Amino acid sequence: MNKYKKITLDGLIFQNPTFMLVLGTCPTLGLINSAFSAMGMGLTVVVILTLSNLLISLLRKVIPNEVRIPCYIVIIATLVTFARMFLQKFLPDLYDSLGGFLALIVVNCIILGRAEAFANKHNVLESALDGVSQGLGFTAALTLMGVICEFLGKGSLFGYEIMSFKIAMLATPAGAFLVYGLCIAVFVYVIDGFERARRVKANKLARENMLTEVA
């Protein structure tokens, strides 16, 4: 498989930070009662994760190994500060809805994890692609759960009222936890199904090739 395709599919599906690796659970559980806040947080993480991966990859041969984690945190904190200033100036509603979770991006396990596990070992292009795919995987997961929680818990979607029927519990942290767990279960079940089907197909093809060679 092409390495760029693998990086993309890993970030979006096979190593999805929310559903497969279960990282970044603090903003996940805190923000998925609103689709707008969930998507806003996800897109903010896309930008910061991509830029941090890119910068860390550029500096990976310069940063001393002994202080690499503090250096990563300084880079990420700088990017988060700029992001907060931008959102506060141009998107104040989103800034207010994210609240303290925006500052917590500095120590987000997804961003620090990708810096240590990927950007520190790969070139700039691969690291940037990893940041984009991991960030979009995170955004898609948060937005999906945000839509479910807001629609069923509040009867609205992105702040617009859709229906009067609602299950209020799903708009609470307990409801978010329940939706999160169910989404993980469904996602893993579907991915395992695809993997089993792929292995069966590969084994069948290998047997057919073996029979052809024997014949």
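Predicted model: local features only at pLDDT ≥ 70, side-chain atom pairs only at ≥ 80, totals over all residues.

Q: Good. Start with α6 and α7: at what angle do they pack, and how far apart are their axes?
A: The angle is about 150°, and the axes are 11 Å apart. Helix α6 covers residues 109–119, and helix α7 covers residues 124–154.

Q: So what does that make α6 relative to α7?
A: Roughly antiparallel. Angles over 145 degrees count as roughly antiparallel, which means α6 and α7 get that label.

Q: Is the crossing left-handed or right-handed where α6 passes α7?
A: Right-handed.

Q: Which residues meet there, in α6 and in α7?
A: From α6, I110, R114, F118 and A119. They meet E126, S127, D130, Q134 and F138 in α7. By class, the residues of this α6 contact with α7 divide into 4 nonpolar, 2 polar and 3 charged.

Q: What about α4 and α6, how do their axes cross?
A: At roughly 130°, and the axes come within 11 Å. α4 and α6 are therefore oblique to each other. α4 passes α6 in a right-handed crossing.

Q: And which residues meet between α4 and α6?
A: On the α4 side, R68, I69, Y72, I73 and I76. On the α6 side, I111, L112, A115 and E116. The contact of α4 with α6 has 7 nonpolar, no polar and 2 charged residues.

Q: Next, α3 and α7. How do those axes cross?
A: They cross at roughly 170° and come within 8 Å. So α3 and α7 are roughly antiparallel to each other.

Q: What is the class make-up of the α3 contact with α7?
A: It has 18 nonpolar, 11 polar and 2 charged residues.

Q: Switching topic. How much space lies in the largest pocket?
A: About 210 Å³.

Q: What lines the largest pocket?
A: L43, T44, V47, I48, L51, L79, F82, A83, F86, L87, L91 and L94. Two helices that each supply at least two lining residues are α3 (35–59) and α4 (68–90).

Q: How does that lining divide by class, nonpolar, polar and charged?
A: The lining residues are 11 nonpolar, 1 polar and no charged.

Q: Back to the big picture. How many helices and strands are there in the protein?
A: There are 8 helices and 2 strands.

Q: How do the elements run from the N terminus?
A: The order is α-α-α-α-α-α-α-β-β-α.

Q: Last one. What box do the C-alpha atoms fill?
A: Taken along the principal axes, the box is roughly 70 × 55 × 25 Å.

How values were computed:
Residues numbered from 1 in each chain as written. Heavy atoms only, no water. Axes fitted to C-alpha atoms, helices over the stretch in contact; angles between N-to-C directions. Helix = DSSP H or I, 4+ residues; strand = E, 2+ residues; numbered from the N terminus. Parallel < 35°, antiparallel > 145°, perpendicular 65-115°, else oblique. Left-handed = near helix turned anticlockwise from the far one by under 90°. Contact = heavy atoms within 4.5 Å. Nonpolar A, V, L, I, M, F, W, Y, C, P; charged D, E, K, R; others polar. 1 Å grid on protein atoms, 1.4 Å probe; cavity = no way out; pocket = protein on both sides within 12 Å on 5 of 7 lines; lining within 4 Å. Points joined across faces, edges and corners; volume = space filled by probe spheres on them.
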